[in-house]
Amino acid sequence: MAPNGSGEEEAAAAAAVRVIGGWASHYAIRVYVALKLKGVEYEFLQEVVGNKSELLLQSNPVHKKIPVLLHHGKPVAESMIILQYIDEVWVSSNRPAILPADPYERAVQRFWAQYVDDKIAPAFLVLRGLTNGDKDEAAEQVSTALEHLEEAFVKCSQGKHYFGGDRIGFLDLVLGSHLGWFKAVEKISGIKLLEEAKYPEFTAWADRFCTHHAVKDVMPETDKLVEFSTSSAVKAKPTD
Ligand SMILES: N[C@@H](CCC(=O)N[C@@H](CS)C(=O)NCC(=O)O)C(=O)O
């Protein structure tokens, strides 16, 4: 069945999509939101921290990390690759595109998305006390990233609500999936990261993203993330 078919065939295909993930994983959250935006039903397989399942080890033997998308049993690993896979497989007029049609705009979104994962995610691990590093330097790294992203938002959105324009796109998904952790990291580290007065465009975008119908149910609560992060099991396995 073509994934963009309809009726019974569509239901059969939907059942064939599974995500090995975790409720707190920023990298997995972007996948849940992308599938929701595309209207693709999926089965969620929660990994237990510190006890990797056989399915995960078999599906992502190189990195052994979540998320992994299983499509008719075939594994796709690495969250950004999964997003692009989802965009390429589920194509039809009622399924919004994740990446822009224009190659240059696509390149720009991919550039910023990579920047976000390179700069924000590692700094958060330091601020959570899970990897070694200077916390003030990590906070500075986040602050520099926010300055760049504030500017990037103005250029990419062109006066619209999202980096992707009128709707959530690739960069919204990649950056937005870190938003739940911003507040949790602030609480854990005692360092304020997201100041509305300094980053007005970013904070307004963040509010819009978190309250979007495809996002609000999968964006974890701050206190739950703080509890998750500080639990001894996670400290023993410092990669969330
Ligand atoms: N670059 C990967 C990163 C995935 C990642 O770091 N996942 C974490 C959970 S958020 C994980 O599985 N950690 C377990 C480990 O490192 O052993 C992606 O984008 O999918």
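Student: Which residues have the most contacts inside the largest nonpolar core?
Tutor: They are F182, F202 and W205, in a core of 67 residues. A nonpolar core is a set of buried Ala, Val, Leu, Ile, Met, Phe, Trp, Tyr and Cys residues joined through side-chain atoms within 4.5 Å; buried means under 20% relative accessible area, with a 1.4 Å probe and protein chains only. At least three residues of this core come from each of domain 1 (7-89) and domain 2 (103-236), with bounds from an automatic or database domain assignment.

Student: How far can I take those values?
Tutor: This is a predicted model, in which local features need pLDDT of at least 70 and side-chain atom pairs count only at pLDDT 80 or more, while totals for chains, interfaces and linings use all residues. Residues are numbered from 1 along each chain as its sequence is written, and side-chain values use heavy atoms, leaving out hydrogens and water.

Student: What does W205 touch?
Tutor: Leaving aside residues up to four places away in sequence, W205 touches F153, H161, Y162, F163, D172, L175, G176 and L179; contact means heavy atoms within 4.5 Å. A second, separate core has 5 residues, including L45 and L56.

Student: Turning to the sheet, what is its strand order?
Tutor: The order is β2-β1-β3-β4, an open sheet with mixed pairing. Strands are DSSP E runs of at least two residues, numbered from the N terminus, and two strands pair if DSSP finds at least two bridges between them.

Student: Why is one side of β2 and of β4 left without a neighbour?
Tutor: β2 (43-46) and β4 (74-77) are at the edges and each has a single partner strand, so one side of each lacks a neighbour in the sheet.

Student: How many bridges join β1 to β2?
Tutor: There are 4, and the two strands run parallel; I20 has L45 as its bridge partner in β2.

Notes. Buried < 20%, exposed > 50% of the residue type's maximum accessible area, 1.4 Å probe, protein only.
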